[in-house]
Amino acid sequence: MSKTLTYAAQNAADALKPYAIERRAPNADDVQIEILYCGVCHSDLHTARNEWQNTLYPSVPGHEIVGRVSAVGSAVTRFKVGDLAGVGCMVDSCQHCAACAEGDEQYCENGFTGTYNGPVMGGENTYGGYSERIVVQESFVLRISHDEARLAAVAPLLCAGITTYSPLSHWKVGPGKKVGIVGLGGLGHMGVKIAAAMGAHVVLFTTSPNKREDGLRLGAKEVVVSKDPEQMQAHANSLDFILNTVAAQHDLDPFLNLLKRDGTMTLVGAPEHPHPAPTVFNLIFKRRSLAGSLIGGIRETQEMLDFCAQHNLVSDIEMIDIQNINTAYERMLKSDVKYRFVIDMASLKKDAAAA
Ligand code: NAP
Ligand code: ZN
């Protein structure tokens with residue numbers, strides 16, 4: 001066991017504070033990673049504040065983890081001490097159901113184990129990346145082939161990257177396709193970059209007019225302020241696919257109206273309060289689909305990391321010390337982040353020194 005300093009929420013109302021946990025010593029098939037950087041996902045906030053009403057406290061969020069391997073078990077073959085490594089949203093699954101067999105561990109029929117708040121299959125609570133180190137079985141650890149100098153900006157790929165890459169790839173986004181990305185936050189900005197790299201004509205839909213220039217710089221060909229009905233109408237019945245990343249309840253109909261016949265809108269945003277049900281006629285008159293998608297499998301996450309390395313894609317980040325995590329949450333709620341907060345885990349040492 002190793003004593004490990006973390007930042008944890010003890011309940012839904014209070015700010016995150018330093019909290020010591022024990023991590024297991026690596027088993028034969030485990031990799032121990034000293035965490036260098038951890039991205040801040042809106043799911044961390046939903047969980048810390050119990051917005052999905054399933055939080056186990058104490059809760060240590062963080063599932064966009066990159067770091068350096070500090071120990072490996074005797075059966076580990078793909079990692080050695082000193083290697084860079086990543087951990088995303090899952091650390092275990094049943095490994096024998098149909099979904100796991102196809103590499104879709106996120107849809108594990110027995111419930112995957114989340115990197116934090118994870119014990120769906122029983123067992124102890126899992127603690128995420130707002131911590132000094134983590135111990136994870138090798139089959140859930142990702143290789144990182146990006147230039148090490150960009151490591152902090154690679155961290156958000158482990159959730160924001162895969163959560164957008166997986167549906168874009170599943171719904172065959174590519175050249176000749178007109179693709180909408182709704183919401184320019186952590187997920188949305190990776191969605192714009194990845195869909196553009198896949199060769200699609202990307203249209204960004206944002207509620208923030210001041211994000212226009214950034215949208216174009218990140219790879220969108222057009223930017224639409226979604227609150228302006230005239231701008232929306234100009235794209236009616238024209239999109240092949242829409243990826244909706246919005247973190248709050250909103251009306252889906254104005255977006256469904258933008259889809260072509262047979263077009264699909266996939267929801268990845270997981271707001272605290274449900275969206276109002278869309279108008280059925282908006283679906284049936286053009287055989288449109290409304291779908292959802294959850295992160296991505298481990299094999300696909302590796303594919304995404306390699307795709308991003310090849311296309312020189314990383315996240316646009318603002319680095320913070322962990323002591324500022326609560327302020328970062330408040331700013332995230334105001335859509336005031338360009339475009340992902342990443343915690344410099346070296347800052348945890350300040351609390352270790354004070355402890
Ligand atoms: P984020 O960085 O906070 O971005 C969300 C964006 O949504 C904002 O930047 C904003 O973009 C837009 N938005 C926020 N409030 C809005 C409102 N009231 N009306 C319209 N637009 C609004 O969050 P994130 O980390 O990208 O996460 C987005 C959502 O995806 C969260 O709910 C998160 O839990 C969920 N998520 C799901 C999965 C999955 O597997 N399905 C994985 C990770 C995260 P504009 O300023 O451009 O409008
Ligand atoms: Zn996430």
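At what angle do helix α4 and helix α10 pack, and how far apart are their axes? The close-ups below take up that question and then turn to the ligand and the backbone. This is a predicted model, in which local features need pLDDT of at least 70, side-chain atom pairs count only at pLDDT 80 or more, and totals for chains, interfaces and linings use all residues. Residues are numbered from 1 along each chain as its sequence is written, chains are lettered from A and ligands numbered from 1 in the order in which they are written, and side-chain values use heavy atoms, with hydrogens and water left out.

**View 1. Helix α4 packs against helix α10.** Helix α4 (residues 160–170) and helix α10 (residues 298–310) meet at about 100 degrees, and their axes are 10 Å apart (axes are lines fitted to C-alpha atoms over the stretch in contact, with angles from 0 to 180 degrees between N-to-C directions; helices are DSSP runs of H or I with at least four residues, strands runs of E with at least two). The pair is therefore roughly perpendicular (65 to 115 degrees). From α4, the contact (heavy atoms within 4.5 Å) uses G161, I162, Y165, S166 and S169, and α10 brings E300, T301, E303, M304 and F307. Four nonpolar, four polar and two charged residues make up this contact (Ala, Val, Leu, Ile, Met, Phe, Trp, Tyr, Cys and Pro count as nonpolar, Asp, Glu, Lys and Arg as charged, the others, Gly among them, as polar).

**View 2. A shell of 29 residues surrounds ligand 1.** T206, T207, S208, K211 and R340 are the closest (a residue is near if one of its heavy atoms lies within 4 Å). Oxygen atoms of ligand 1 take part in polar contacts (N or O pairs within 3.5 Å): a polar side-chain atom of T207 is 2.5 Å away, a side-chain N or O atom of K211 is at 2.7 Å, and a backbone N or O atom of L184 also lies at 2.7 Å. Alone, ligand 1 exposes 920 Å², of which the protein buries 89% (Shrake-Rupley areas, 1.4 Å probe). Helix α1 (42–48) and α5 (186–197) each give two or more residues to the shell, and α1 has the largest share, with three. By class, the shell holds 13 nonpolar, 14 polar and two charged residues.

**View 3. Two peptide bonds are worth a look here.** The Y57 to P58 bond is cis, with omega near -5 degrees, and P58 sits in the loop between α1 and β4 (65–72). The K338 to Y339 bond is cis too, with omega near -15 degrees; Y339 belongs to the loop between α11 (325–333) and β17 (340–344).

Terms used
Parallel < 35°, antiparallel > 145°, perpendicular 65-115°, else oblique. Polar contact = N/O pair within 3.5 Å; in protein donor to acceptor, adjacent residues only side chain to side chain.
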